[in-house]
Amino acid sequence: LSGASTMAFVPQSISQGSSALKMAASTDGSDRRSFVGQTASAAAAASIAVATGGVPVPAEAAASMMWEQVKVPFEDTIYDIDFDSADHGYLVGARGAFAETNDGGKTWEARSFSNLDPDEEVTYRFQVASFKDGEGWVLGKPTLLLHTKDSGKSWERIPLSPKLPGEPSSIYALGPSKAEMTTSSGAIYVTENAGRNWKAQVKETIDATLNRISSSGVSGASYFTGSIINQVRDDDGAYLAVSSRGNFFLTWEPGQDFWIPHNRGTPRRIQNMGFVEGDINKGLWMTLNGGKVFVSPKEPDLTKDSFDFQEANIKTGGYGVTDVAYRNDKEVWAVGGSNTMYVSQDAGKTFNFDKSANNIPGNLYNVKFFKKFGNMGWALGSNGLLLRYRG
């Protein structure tokens, strides 16, 4: 792949319009969310009373409120956030939403590319941002890959071959001029020269693997056609992906030639999956339709068709859980529809309601903690919602 044009980064003073991807809350959404919170809080209060032998505390008092909203200069859905230092970071979102912070996320300023006119820029949905030591990558749809070597002062557009299997789905900054990119067909590529060339890490796409090998032990894997979603990478380069139908999942570790399929172990559709504390050897978590959360034991056997997932005790009232993140080995957060939030203090066995976003309309899609930067936490959602963990 050959050179790219350099694009200057300039401040944008006018806030962008509302996103077409906003999810409107139903008229009874707030009442239902309140009911979920009161139910979960009441349960927590009752358990405290039983344990102490005292009078149950009010349900509202039992619910935590560990997050605070941070203003951003647009009202579009926020998809990702990343930092290359404790103070400097970027967030990306729908309709070309792009913002920068230089004070650890306390304030955000909208940015725009000088050689993209506003009508063109709003057509992009920036979904992934990844930074490491001043070098950063941003991935958007329609397919657009941007790269910076100077912490975002200038950017270049990286051309990608139209012959790529699937669409680019994630990008991870790994060091000077080095990054790892995945596609919706399960391809994994590494570049060591800032995107001019990419080297394949997997020998064939997921559908080719599943249709070549005997996969009769994995429901839905035989004669598989389609794509994968929710690809995530652990700290050591292992990957986890969910089939687009949500009926099975796959794992891959560095050095393996192919992805390995696994049963979901439940008739419910998989919503999302991830790693316990960012490490595949510490286990996997899985969210299912209907607001269910499951966690696997540590050191799962990745050669087996099925995992021994254990269901967490979480009362969501039917709201879907969109993401889960481990702040440490005990504190775990789950977020979901209608801006519901839940916290576990026992490594994901039991979750209680957190009312931080209870009165804010919309949906939460992503929750992240940055251990290398003081374990700061962020929750992202629709309508330009950004929440900062305060504990």
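## Aromatic pairs and a charge over a ring

The model holds 24 aromatic pairs. In one of them, the rings of tryptophan 108 and tryptophan 378 have centres 6.2 Å apart and planes at 85°, and because planes over 60 degrees apart count as edge-to-face, the pair is described in that way. Tryptophan 108 belongs to the loop between β5 (98-101) and β6 (109-113), whereas tryptophan 378 belongs to strand β28 (residues 376-381), so the pair ties together parts that lie 270 residues apart in sequence. Tryptophan 108 and tryptophan 378 are both buried.

Phenylalanine 249 and phenylalanine 307 make another edge-to-face pair, with 5.5 Å from centre to centre and 90° between the planes. Since phenylalanine 249 lies in strand β17 (residues 248-252) and phenylalanine 307 in the loop between β21 (292-295) and β22 (310-311), this pair ties together parts that are 58 residues apart in sequence. Both phenylalanine 249 and phenylalanine 307 are buried. Elsewhere, one aromatic cluster is formed by Tyr90, Phe98, Tyr124, Phe126, Phe131 and Trp155, and arginine 233 lies over the face of tyrosine 172, at 5.9 Å from the centre of the ring.

## The chain as a whole

The chain contains four helices and 29 strands, and 53% of its 391 residues count as buried. Among the contacts between residues at least 6 apart in sequence, 51% join residues that are at least 24 apart. The accessible surface of the chain comes to about 16800 Å², and 49% of this area belongs to carbon and sulfur atoms.

## Confidence in the prediction

The average pLDDT of the chain is 83, and 79% of the residues score at least 70. Over residues 1-61, however, the pLDDT is below 50, although this stretch has 118 contacts in the model beyond near neighbours in sequence.

Terms used. Residues numbered from 1 in each chain as written. Predicted model: local features only at pLDDT ≥ 70, side-chain atom pairs only at ≥ 80, totals over all residues. Heavy atoms only, no water. Phe/Tyr/Trp six-rings, centres within 6.5 Å; stacked < 30°, edge-to-face > 60°. Helix = DSSP H or I, 4+ residues; strand = E, 2+ residues; numbered from the N terminus. Buried < 20%, exposed > 50% of the residue type's maximum accessible area, 1.4 Å probe, protein only. Lys NZ or Arg CZ within 6 Å of the ring centre and 35° of its normal. pLDDT = per-residue confidence, 0-100. Contact = heavy atoms within 4.5 Å. Areas by Shrake-Rupley, 256 points an atom, 1.4 Å probe, with all protein chains shown as cover.
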